[in-house]
Amino acid sequence: MRVDRVGLRNFKPYGEGAVSFEAGVTVVHGVNGSGKSSLLEAVFFALYGSSALDAGVTLADLVRNGEAETEVGLTFTHDATEYRVERRLRRYDDRVDHDCTLSGPEVTVEGASDVEAFVTDLLRMDADAFVNCAYVRQGEVNKLIEASPRERRATIDDLLQLGRLEEYRDRAGEARLGVEDVRSEWRGRLSQVEDDLAEAEAEAPHERVNDLETELAGIESEVDRYEANREEARETLAEAERTLAESEERREELAEVESTVTEVEAAVAEAESSREDLAERAREHEARADDHDERARSLLAATDLDAADPDGIAERRAELADERGEIQERIGALGGEIEARDDEAARHETAAEEAAERAAERRARAETARTEAVDHRERAEEAAERVAELEAEREDAAGAFDDAPVAPDGAAAHRDEAREAVEDARETLRERRSELERAREAVAEAESLVDAGNCPACGQPVEGSPHVAALDERRERVAELAEAVDSAEAAVESATERLAAATELAEAAARLDRLDERLASARETLTSRRERAETAAERADELAREADGLVREAAEGERAARDARERAEQKRARLGALNGERADLSERMTTLDDLADAVTARDEASDAAERLREKRAGLAERNEERRERLTALRERRTSLREAVDDDRVERARAEREKAETYLDRVGPKLDDLHERRDAVRDRLATARDAVERIESLRATAERLRERVAALDDLHGEAEELERLYGDLRAELRQRNVSTLERMLNETFALVYENDAYARIELDDDYDLTVVQKDGETLAPDQLSGGERALFNLSLRCAIYRLLAEGIDGTAPMPPLILDEPTVFLDAGHVSRLAALVEEMRDLGVAQTVIVSHDEELVGAADALVTVEKDPTTNRSTVRRRETTALGAPADADD
């Protein structure tokens with residue numbers, strides 16, 4: 001299988017985009033969080049739908065935030081056949097609709113479940129098997145190592161289709177248990193039937209059958225006598241009714257015969273009138289036949305035929321047609337040759353004109369290129385002058401930092417520090433001024449109390465009041481705070497001056513940055529203009545050389561065109577003579593066609609006249625038949641009139657009445673006898689049923705014995721089949737373990753650069769053991785993080801190889817997908833990983849997809865898919881680049 005193209009719309013972080021994949025190694029590259037793994041998840045989801053989702057992830061989580069629906073389209077090739085899967089999710093308040101379609105050359109599958117089943121059958125692996133074999137997901141690099149031997153055995157057995165054998169063994173075991181249940185049931189049935197048989201035989205039903213058969217014979221003899229008499233009465237009644245019915249039928253037949261006589265007489269008259277019309281029409285056709293015969297003789301004289309025979313006419317016309325066909329073929333051939341020569345001449349003329357035009361165009365472009373080269377050189381000189389000016393201006397601007405306390409790159413930070421110092425000084429000044437204001441208010445309050453002589457709050461004398469005692473201290477505090485305010489104001493002024501100086505330095509640094517940018521741009525412009533001048537000069541020389549070659553090409557085309565025109569004129573002369581011969585033959589064929597038409601018309605008119613005469617004779621024959629029938633009808637009418645007998649009718653009515661009276665009396669007697677007979681028959685049937693039941697029970701018991709014996713045999717076969725599947729699974733597992741161990745050691749030796757381990761052993765239960773050089777053993781989970789990563793990758797690749805080589809020969813496997821495989825690897829082992837990827841390619845892995853930002857893997861890729869995320873919209877985009885050489889990617893539009 002090969003992934004060809006993935007299209008996304010609103011899938012996780014992606015907006016809308018698509019990317020193609022080719023055979024070989026493709027690296028998906030991008031910074032962390034850009035959406036690289038989501039691209040692989042889209043491929044996995046397209047193949048397996050909801051089965052590809054991790055636990056706790058829902059279909060709604062796949063739809064980009066703020067969007068109502070998402071679409072994923074995957075084109076892949078499997079076993080040389082291309083398939084297309086399209087999945088569409090639409091999110092509603094309480095549900096997500098999932099539409100899915102898979103299409104191929106001869107198949108269309110609709111519905112998420114059906115598509116997943118089709119893909120599982122096509123790839124011979126479900127979603128879990130796909131992950132365990134071909135898709136090493138991010139964070140699951142140690143999955144198979146950390147799994148228990150039982151889990152690892154189940155995973156690998158399922159991948160190698162051995163799980164099917166275990167399933168078949170379980171089915172055989174279930175079948176054996178089922179047979180045991182059925183056998184127990186049939187044994188119970190047999191026991192019940194044998195009990196019923198013994199009970200039925202104890203009732204002796206055979207004697208009762210003999211007694212009832214004797215009684216029934218006497219009753220049936222009496223019933224037979226009465227029924228014979230009743231049957232005789234019924235026959236008498238039927239004979240009387242037949243006599244009466246025949247009399248009525250004769251009367252009806254007489255009326256019908258009289259009506260038919262009238263109809264036949266009218267038909268005879270009508271036929272005689274039609275015969276006269278047919279005679280007139282036959283004479284008209286004979287006259288037309290004479291006219292056509294005269295025209296045929298006239299046309300015959302204009303031909304070279306001896307007689308107007310249709311076969312001879314057709315034969316002669318065919319000869320002329322063959323002659324005309326031969327001439328026509330020659331005309332067609334000459335026409336084709338003339339056309340070919342004309343086309344050849346036109347092509348040469350056109351080529352000559354185009355060559356001349358291209359030569360003129362090349363000279364004009366060469367002149368333009370020379371002008372451009374001069375212009376670019378002049379503009380390059382201007383650019384060089386501009387570079388010199390900017391360099392001088394930058395040197396002048398850099399002088400501002402000669403005695404500065406900071407370098408240009410620290411000027412902005414220095415200005416920010418100065419600004420913070422000004423703010424701190426101003427905050428200190430505001431605090432000192434606030435404290436001074438509060439101190440002055442306290443002094444004023446104390447002085448007002450002293451002037452009043454009493455405390456305005458309590459009315460006591462002021463002498464000894466704490467407000468008065470602290471007055472001198474407060475006045476000293478006011479003086480101190482006033483000095484502090486003056487000092488703070490000076491600090492603000494000094495900080496402001498430093499801020500102004502720092503601001504000037506920051507502006508100078510910004511000016512230097514702008515000058516650096518302009519200088520870099522000017523230097524780039526200078527280089528570009530010099531390169532463009534050189535390119536334009538080279539292009540002018542090349543165009544001049546091309547123009548000289550085109551002039552020579554135009555002259556050769558003109559000579560070839562003249563030669564072709566002369567050959568065409570020679571063939572036109574021959575074409576005129578052939579056209580004359582064809583016209584003469586066409587005229588002679590037309591005369592033969594007219595002659596054939598006249599002969600045909602003559603024969604058709606004669607045939608029509610003959611048919612009319614035959615039809616007239618047929619009418620005469622039918623009229624003769626009608627007259628014969630009319631005679632027979634008249635005789636039948638006379639016979640029917642004589643056959644009607646009234647006395648016989650009266651006798652038949654009397655016999656009918658007598659028979660009906662007897663039948664009315666015999667009915668009740670027979671009903672009584674029938675009732676007695678039915679009662680005896682019922683008792684006899686019951687007795688016979690008892691006898692038959694005994695025979696049936698005996699036959700049933702025999703069948704049940706045979707059935708139980710067959711179930712015993714079937715139970716033994718089920719046990720044997722269960723053992724067979726178990727033995728076959730063990731044998732195949734042993735064979736796969738040996739091959740897998742060899743491939744695992746080959747792969748691990750390729751990717752692990754240290755020399756600490758001798759080999760890896762794999763037992764029949766897929767339990768892994770690492771053997772060191774000194775013979776000591778380690779479990780895989782005792783390896784370092786990087787070693788476990790390499791171990792797991794080796795195991796995954798070995799399983800992949802075993803699947804690819806071990807299922808019906810070489811199998812069309814899915815691509816090998818590695819999501820961030822270098823997380824735990826040092827630089828040396830990353831190189832080994834690149835070698836492993838190349839080794840898997842040599843072993844037949846047609847397509848490998850790696851998600852990584854490691855530059856060594858990027859450089860080793862055949863194609864590079866870059867994933868980027870826009871920080872403003874949080875939307876990911878993807879584009880593909882081919883790698884023309886290691887480390888030299890080139891953009892490729894997708």
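**Figure 1. Lys12 in the loop between β1 and β2.** Lys12 is placed in the loop that runs between β1 (2-9) and β2 (16-20); helices (H or I, at least four residues) and strands (E, at least two) are DSSP runs, numbered from the N terminus. The model is predicted, so that local features need pLDDT of at least 70 and side-chain atom pairs count only at pLDDT 80 or more, whereas totals for chains, interfaces and linings use all residues. Residues are numbered from 1 along each chain as its sequence is written, and side-chain values use heavy atoms, with hydrogens and water left out. The phi angle of Lys12 is near 50 degrees, a positive value in a residue other than glycine. Most residues other than glycine have a negative phi. Lys12 has a relative accessibility of 26% and therefore counts as partly exposed; the classes are buried (under 20% relative accessible area), exposed (over 50%) and partly exposed (in between), with a 1.4 Å probe and protein chains only.

**Figure 2. Arg124 in the loop between α2 and α3.** Arg124 belongs to the loop that separates α2 (112-123) from α3 (127-133). Although Arg124 is not a glycine, its phi is positive, at about 60 degrees. With a relative accessibility of 36%, Arg124 counts as partly exposed.

**Figure 3. Gly56 in the loop between α1 and β4.** The loop between α1 (36-48) and β4 (69-78) contains Gly56. Gly56 counts as exposed, because its relative accessibility is 76%. Between Gly56 and Ala568 there are 512 residues of separation in sequence and 83 Å in space, C-alpha to C-alpha.

**Figure 4. The salt bridge between Arg683 and Glu215.** The closest N and O atoms of Arg683 and Glu215 are 3.5 Å apart, and the two residues form a salt bridge, defined as a side-chain nitrogen of Lys or Arg within 4 Å of a carboxyl oxygen of Asp or Glu. Arg683 lies in helix α12 (residues 646-751) and Glu215 in helix α7 (residues 205-301), so the pair ties together parts that are 468 residues apart in sequence. Arg683 is partly exposed at 40% relative accessibility, and Glu215 is partly exposed with a relative accessible area of 40%. By the salt-bridge rule, the count comes to 58.

**Figure 5. The salt bridge between Glu389 and Arg386 in helix α8.** A salt bridge joins the side chains of Glu389 and Arg386 (3.4 Å, N to O). Glu389 and Arg386 are three residues apart in helix α8 (residues 310-398), so that about one helical turn separates them. Glu389 has a relative accessible area of 46% and is partly exposed; Arg386 is likewise partly exposed, at 32%.

**Figure 6. The salt bridge between Glu361 and Arg362.** The side chains of Glu361 and Arg362 meet in a salt bridge with an N to O distance of 2.5 Å. Glu361 counts as partly exposed at 30% relative accessibility, whereas Arg362, at 17%, counts as buried.

**Figure 7. A network of salt bridges.** Salt bridges link Arg9, Glu69, Glu71, Arg88, Arg90 and Asp99 in a network.

Figure 8. Asp594 is found in helix α11 (residues 471-643) and is partly exposed, with a relative accessible area of 28%. When residues up to four places away in sequence are not counted, Asp594 touches Arg295 and Leu299; contact means heavy atoms within 4.5 Å. Asp594 and Arg295 are 299 residues apart in sequence, while their C-alpha atoms are 9.5 Å apart in space.

**Figure 9. The protein chain as the setting of the close-up views.** The protein chain has 15 helices and 16 strands. Its C-alpha trace spans about 180 × 120 × 95 Å along the principal axes. Of the 894 residues of the protein chain, 36% count as buried. Among contacts between residues at least 6 apart in sequence, 76% join residues at least 24 apart.
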